[in-house]
Amino acid sequence: MIKLSPRLRTVAELAGAGGSVIDVGTDHGYVPVYFAKLGLFSRIAASDIGALPLQSAKNSAREHGVEDKIEFYLSDGLKSVAGPFDTVVVAGMGGETMVDIISDCSWVKTSRLILQPQSKLPGLSGWLDENGFTCRRARLVEDGGKLYAAFCSERGEGGFDLMDTLLKGRDPLLEKCLAREKNRLLRALEGMEKGGKRGSAEYDKLRRELEAVNMGIAEVEKWQK
Ligand SMILES: C[S@@+](CC[C@H](N)C(=O)[O-])C[C@H]1O[C@@H](n2cnc3c(N)ncnc32)[C@H](O)[C@@H]1O
């Protein structure tokens, strides 16, 4: 059986089972191979923009005896993929690339998105919120000393609010994550102040992010009382 890293296991758990699934930017192909080994979905696909990573995914599938259970697509995002898919997994990429992939595809608006961005989370969250997506479930996971957020997003009412979903779920890693984020933002703001950028649009954006983080920290403190 294929053993997933904590990060990829969290992604796979959020994806769950049932219907069709595609893993976009699959690289090694561990997630679709895991789905195929367990027979979790009736249709499983894997795509990548690079021929080498896609070959690596095919090799993983062959090693685990599931090559014939997975469709492989060489594709920039979902452009050359035979969709729709009920569940679209995009993990381990920057938030900006994820926005490009999702916004370029019309049928993805009816899919469940399982997203695990490596960076640029505020931009991705903003795009999801503005485009009618909501955050159904979210998890934080620690892997190799790093903290990652992974979530399930679908079209729906209420807007996209990752922090609120993590707070409602009382995620056990939220306190640690917010403390790290606060440090990062304070260091970035200090650097901007030293560089004479206090009051710039970027500075104000970081201040707003810090305010949201501080509100989250105050909420977490309430649970602990
Ligand atoms: C860091 S790897 C992540 C692999 C895997 N999803 C994971 O989370 O471990 C990123 C992969 O995304 C692929 N990729 C980057 N941009 C892409 C795009 N626009 N469409 C499809 N794949 C893309 C890269 O070729 C690479 O294989």
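**Close-up views of a predicted model**

**View 1. Around the ligand, β4 is the element that gives the most to the shell, with three residues.** Welcome to this predicted model: local features need pLDDT of at least 70, side-chain atom pairs count only at pLDDT 80 or more, and totals for chains, interfaces and linings use all residues. Residues are numbered from 1 along each chain as its sequence is written. At least two shell residues come from each of β2 (43-48), β4 (87-94) and α4 (95-103). Helices (H or I, at least four residues) and strands (E, at least two) are DSSP runs, numbered from the N terminus.

**View 2. The shell around the ligand holds 17 residues.** Gly-25, Asp-27, Pro-53, Ala-91 and Gly-92 come nearest; a residue is near a molecule if its C-beta atom, placed from the backbone, lies within 6 Å of it. By class, seven residues are nonpolar, seven polar and three charged. Here Ala, Val, Leu, Ile, Met, Phe, Trp, Tyr, Cys and Pro count as nonpolar, Asp, Glu, Lys and Arg as charged, and the others, Gly among them, as polar.

**View 3. Asp-27 has a positive phi of about 55° although it is not a glycine.** Look for Asp-27 in the loop that links β1 (20-24) and α2 (30-38). Asp-27 counts as partly exposed because it has 19 C-beta neighbours inside 10 Å (buried means 20 or more other C-beta atoms within 10 Å of a residue's own, exposed 12 or fewer, partly exposed in between, with C-beta atoms placed from the backbone).

**View 4. Arg-170, likewise not a glycine, has a positive phi near 45°.** Its loop runs between α6 (162-168) and α7 (174-194). With 10 other C-beta atoms within 10 Å, Arg-170 is exposed.

**View 5. A cis peptide bond joins Gly-83 to Pro-84, with omega near 5°.** Pro-84 sits in the loop between β3 (71-74) and β4.
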